Amino acid sequence: MVKGPVVTASDWIAADWGTTRLRVWRMQGRKAIAEAQSDKGMGKLARDEFEPALLDLVESWLSGQGRTLVMACGMVGARQGWVEAPYVPVPAAPGDPASAIPAPARDARLDVRILPGVSQRIPPDVMRGEETQIAGLLLDHPGFSGLVCLPGTHSKWVQVQDGLIVRFQTFMTGEQFAVLSEASVLRHSVRHSGWDDASFQAAVEETWSDPGALPGALFGIRAQGLLEESDAGAARARLSGLLVGAELGRMLKPGSVDNVTVVGSGSIAGIYGDALRHAGVTVREVPVETATLKGLCAAKSILEGARHE
């Protein structure tokens, strides 16, 4: 669905193309004047279906003369995507269009550039899309140094130093929560709704201070449900807290970090922000959509500057 007026002759187009969704913005400079999205994410498309999926959303924005730049990030550049945009190794400048890969678009009105992800050899890790969000953070805070948390199905913790990604680590916390709550024995104790803040915070403290306690504490959720009348909403909050706490315990020793920037949206960003604040960490929250769009703007500005050199 398109938000805002249907317009033609875009200055350029920003695209965030993930595994499950495609989101595009019609841009004039750094201002988004229209937006559209669909469920045609990378995971649903064969290689020859990417261009039609894009045109379904942006064709009315294209000029009849010349080519319109489309700056894209995310899983569209994965090995299974439209065209692979190889990872850039750390230390890396996030969202640098110098390593962007042109997509093989047949429509002469399209000039599609796909930004690369970032890789790390030791320990092995990769990201694709999150680096653009960090580039958006850096657009507002040039030369930023600090720790950035990007919560999600696979949450990422990124150390940024003087504007460069120097190291990072991915945690499958969100996916673990989904599997444990839906496909393990804990499904009998954890319902799909309900929440209890006190249970969440107690669980965070438990595994933050001792991440090794996680395996035994997990089964305790089931045992408690069998031995006493426990609230399924509290059990859900406890499961989340145990997993998030173990993640924080791996990344942050209590008292070791004063500030963390959380780039995210919705309940998952709130969960991480609450856990960090409860532990005395100062949290700066940046909406993920804002960071992504600003990161694409930064890449476009760098690309245009290089063209005019």
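Me: Axes are lines fitted to C-alpha atoms, for helices over the stretch in contact, and angles run from 0 to 180 degrees between N-to-C directions. With that in place, what makes H5 roughly antiparallel to H6?

Reply: This is a predicted model, in which local features need pLDDT of at least 70, side-chain atom pairs count only at pLDDT 80 or more, and totals for chains, interfaces and linings use all residues. Residues are numbered from 1 along each chain as its sequence is written, and side-chain values use heavy atoms, with hydrogens and water left out. The axes of H5 and H6 cross at roughly 175 degrees and come within 10 Å. Angles over 145 degrees count as roughly antiparallel (under 35 roughly parallel, 65 to 115 roughly perpendicular, the rest oblique). H5 is therefore roughly antiparallel to H6.

Me: Which residues make that contact?

Reply: H5 supplies Leu214, Ala217, Leu218 and Ile221. H6 supplies Ala235, Arg238, Leu239, Leu242, Leu243 and Ala246. Contact means heavy atoms within 4.5 Å. By class, nine are nonpolar, none polar and one charged.

Me: Why are H4 and H6 called roughly parallel?

Reply: Helix H4 (residues 197–209) packs on helix H6 (residues 232–251) at about 30 degrees, with axes 7 Å apart. That angle makes the two roughly parallel. Their crossing is right-handed. On the H4 side, the contact includes Phe200, Ala203, Val204 and Trp208. On the H6 side, it includes Ala234, Ala237, Gly241 and Gly245. The contact has nine nonpolar, six polar and two charged residues.

Me: How do you know whether Arg222 is buried or exposed?

Reply: Its relative accessibility is 16%, so Arg222 counts as buried. The cut-offs are under 20% for buried and over 50% for exposed, with partly exposed in between (1.4 Å probe, protein chains only). Arg222 sits in helix H5 (residues 214–227). Leaving aside residues up to four places away in sequence, Arg222 touches Val185, Leu186, His188 and Ser189. Its C-alpha is 8.6 Å from that of Val190, 32 residues apart along the chain.

Me: And Asp107: buried or exposed, and why?

Reply: Asp107 has 17% relative accessibility and therefore counts as buried. Asp107 lies in the loop between strands S6 (101–102) and S7 (110–114). Beyond four places in sequence, Asp107 touches Glu51 and Leu55.

Me: What makes H2 largely enclosed by the rest of the structure?

Reply: Helix H2 covers residues 130–140, and nine of its 11 residues are buried, so H2 is largely enclosed. Among the buried ones are Glu130, Glu131, Ile134, Leu137 and Leu138.

Technical notes. Helices (H or I, at least four residues) and strands (E, at least two) are DSSP runs, numbered from the N terminus. A crossing is left-handed if the near helix is turned anticlockwise from the far one by less than a right angle, and right-handed if clockwise. Ala, Val, Leu, Ile, Met, Phe, Trp, Tyr, Cys and Pro count as nonpolar, Asp, Glu, Lys and Arg as charged, and the others, Gly among them, as polar.
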